[in-house]
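Q: I would like a close look at one part of this model, the place where its chains meet, followed by an account of the surroundings of that part.

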Amino acid sequence: MSDLNKIKNIIIEKTLKLDCGKEISNFPLAYETYGNLNEKKDNAILIFHALTGDQYASGINPITKKEGWWNYAVGPGKSFDTDKFFVICANVIGGCMGSYGPGTIDPLTNKPTGTNFPVITINDMVNAQYNLLDYLKIEKLFAVAGGSMGGMQVLQFVSNFPNKARVALPIACTASHSAQNIAFNELGRQAIMSDSNWKEGLYDQKSTNPDKGLAVARMAAHITYLSKKGLQEKFGRNLQERSDLKFGFDADFQIESYLRYQGSVFVDRFDANSYLYITRAMDYFDLTKQFGGNLSKAFKDTKTKFFIISFTSDWLYPTSENKDIVIALNAIGADVGFVEIETDKGHDSFLLDVPDFLSTIKNYLNTTYSNINERRI
Amino acid sequence: MKEEFKVISKFIEEKSRVLDVGCGDGILMEYLSENKVVDVRGLEISKEKVKKCLSKGLAVIEGDAENDLKQFPDLSFDYVILSQTLQAFMSPENVIENLLRVGKKVIVTIPNFGHWKVRLDLLLKGEMPVTKNLPYQWYNTPNLHMCTIQDFFNFCNNKRVNIYKSISLNEKKISNITTSNLKYKNLISELGIFLLEK
């Protein structure tokens, strides 16, 4: 339990009306911060995590003892320079790192909430996190940023709270979750739900989790985060600690072994029900539809500076979908920058050491921050 | 800063909205936003240059004029700039049309294929001209549609595009091009800079 005590959280007392119609209140939102808020309180950056991320963007995650999920980008001297900026990251509701989610113990039953947890949306996640800004007394953020589902939260945030952030960095994301992405998420959910340990979501977390289902979900998803070329170059048809094929169903190939490993380490840190809820929230995300088919309306009158980034080898959230956001912003004359970064690392590029990507963000943020201070913007 | 950019920036009024098509590494954009208090956007095809621009905090999107001008609404900019890239498009005609749709005024500069050195190269050497402003060989040039200042005047006439101002640039010497000195300016200008309006 001692590790769990290290998780910072706030209890949101205010009632939050969810998109599903249900209301929640007095629920925990776990968060972490890096760097210091300056006197003017104008250097805060809110970072949103992706599907399997958490609030530990940088440094060592005190629970998993592994590096933070965005360690390449967040830290002293890095893209989101914590010597300069005050970086805030919260665990989304529905998550499993201290925020209110299906793993939260229901005081009435003393058991995990499980599938009694309401279905949440990206909008709900963002609205919940907004409370953190009130708590930290931040009037205006310098930036909001995030990749993948984090990018969707960026879009929803600037739409819900116009001009609350000076800069928005949606990375490798979409304004409307595609059929292909819903299909992959459904595959993952079916893997979990067909594990006999899942028990309609009311499994007892500590003993018999639907680990096998969750591992398969992770394996399938992991493939979608990489590119064909990246996989071929990294693994090819290399064999795993053997000189020849074994004519069986063991992991003959390195890629098989790699995926099995990815699946097995994932179940140690992630809750299967959270996986169901969060993928559902992503599937429901359609900002274009929220605004009657006109995405531009989501950003009406915005003064936020947008910087949108996609990756050449990302086939999950391809450049075309990122460009749709650029087009919608240009249609209303918003301040928008866009670049497609060349890399073979697939959708995962935003989490990896892609120097072009990391340095462009760093320079963009630093210059924009000093331009704002010189009142040139 | 290039002489050409100085001429262009003189065309632009304070507090206007500007789109720089083919903005390169954003030197003109920077100059305009620092000196003219304009709201300036850029479109650039080269990833490297886009990254440079974004590193400077400039609002530049990666794209090319032939495919990506579409997304800008009619008359959404006071000025649209196209500096020395018209000749590289598959369809300069469509690009000009689109520029005039997006911008209330359009500034176009062209390397002048009518310059005497260019003419001499072809006349005397019998070779495709290679000059300071047109440094490529015929087999590797990105310039698909070269034209002269005279050609550009004719084009604007045919398309009923109004040429507001036309400037000749030759070895940093700036002069006005008029209908009466057009033949001469077409011979001595390295660059032609035009302010257009539909």
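How many residues of chain A are in contact with chain B, and how many residues of chain B are in contact with chain A?

A: In this predicted model, 21 residues of chain A are in contact with 15 residues of chain B. On the side of chain A that touches chain B, the elements that give two or more residues are strand S13 (305-311), helix H9 (319-331), strand S14 (335-341) and helix H10 (355-373) of chain A. Of these elements, H10(A) gives the most, with seven residues. By class, the residues on this side of chain A divide into eight nonpolar, eight polar and five charged.

The two partners can be described in turn. Chain A has ten helices and 14 strands, and its radius of gyration is 20 Å, close to the 21 Å that the globule rule gives for 377 residues, so chain A is as compact as a globular protein of that length. Along the principal axes, the C-alpha trace of chain A spans about 70 × 50 × 40 Å. Of the 377 residues of chain A, 49% count as buried, and among the contacts in chain A with a separation of 6 or more, residues 24 or more positions apart account for 70%.

Chain B has eight helices and eight strands. For its 198 residues, a compact globule would have a radius of gyration near 16 Å, and the value for chain B, 16 Å, agrees with that. The C-alpha atoms of chain B fill a box of roughly 50 × 35 × 30 Å along the principal axes, and 44% of the residues of chain B count as buried. Among the contacts in chain B between residues at least 6 apart in sequence, 64% join residues at least 24 apart.

Within chain A, a link can be followed from strand S13, one of the elements on the side that touches chain B, to a residue of another element. Phe311(A) lies 86 residues from Tyr225(A) in sequence, yet the C-alpha atoms of this pair are 12 Å apart in space. Tyr225(A) is found in helix H4 of chain A and is buried, since 22 other C-beta atoms lie within 10 Å. Leaving aside neighbours within four places in sequence, Tyr225(A) is in contact with Leu316(A), Gly346(A), His347(A) and Asp348(A).

Helix H4 (residues 211-225) of chain A also packs against helix H6 (residues 254-269) of chain A, with the axes coming within 8 Å and crossing at roughly 130 degrees. That angle makes H4(A) oblique to H6(A), and the crossing is right-handed. From H4(A), the residues Asp211(A), Leu214(A), Ala215(A), Val216(A), Arg218(A), Met219(A) and His222(A) meet Leu259(A), Gln262(A), Gly263(A), Ser264(A), Phe266(A) and Val267(A) of H6(A). The contact of H4(A) with H6(A) has seven nonpolar, four polar and two charged residues.

Another helix pair of chain A is formed by H3 (residues 179-193) and H7 (residues 272-284), which pack at an angle of about 160 degrees with their axes 10 Å apart. H3(A) and H7(A) are therefore roughly antiparallel to each other, and their crossing is left-handed. On the H3(A) side the contact is made by Ile182(A), Asn185(A), Gly188(A), Arg189(A) and Ile192(A), and on the H7(A) side by Ala272(A), Tyr275(A), Leu276(A), Thr279(A), Met282(A) and Asp283(A). The residues of the contact of H3(A) with H7(A) divide into six nonpolar, three polar and two charged.

Conventions. Residues are numbered from 1 along each chain as its sequence is written. Chains are lettered from A and ligands numbered from 1 in the order in which they are written. This is a predicted model: local features need pLDDT of at least 70, side-chain atom pairs count only at pLDDT 80 or more; totals for chains, interfaces and linings use all residues. Axes are lines fitted to C-alpha atoms, for helices over the stretch in contact, and angles run from 0 to 180 degrees between N-to-C directions. Helices (H or I, at least four residues) and strands (E, at least two) are DSSP runs, numbered from the N terminus. Angles under 35 degrees count as roughly parallel, over 145 as roughly antiparallel, 65 to 115 as roughly perpendicular and the rest as oblique. A crossing is left-handed if the near helix is turned anticlockwise from the far one by less than a right angle, and right-handed if clockwise. Two residues are in contact if their C-beta atoms, placed from the backbone, lie within 7 Å. Ala, Val, Leu, Ile, Met, Phe, Trp, Tyr, Cys and Pro count as nonpolar, Asp, Glu, Lys and Arg as charged, and the others, Gly among them, as polar. The radius of gyration is taken over C-alpha atoms; the globule rule is 2.2 Å times the number of residues to the power 0.38. A residue is buried if 20 or more other C-beta atoms lie within 10 Å of its own, exposed if 12 or fewer, and partly exposed in between; C-beta atoms are placed from the backbone.
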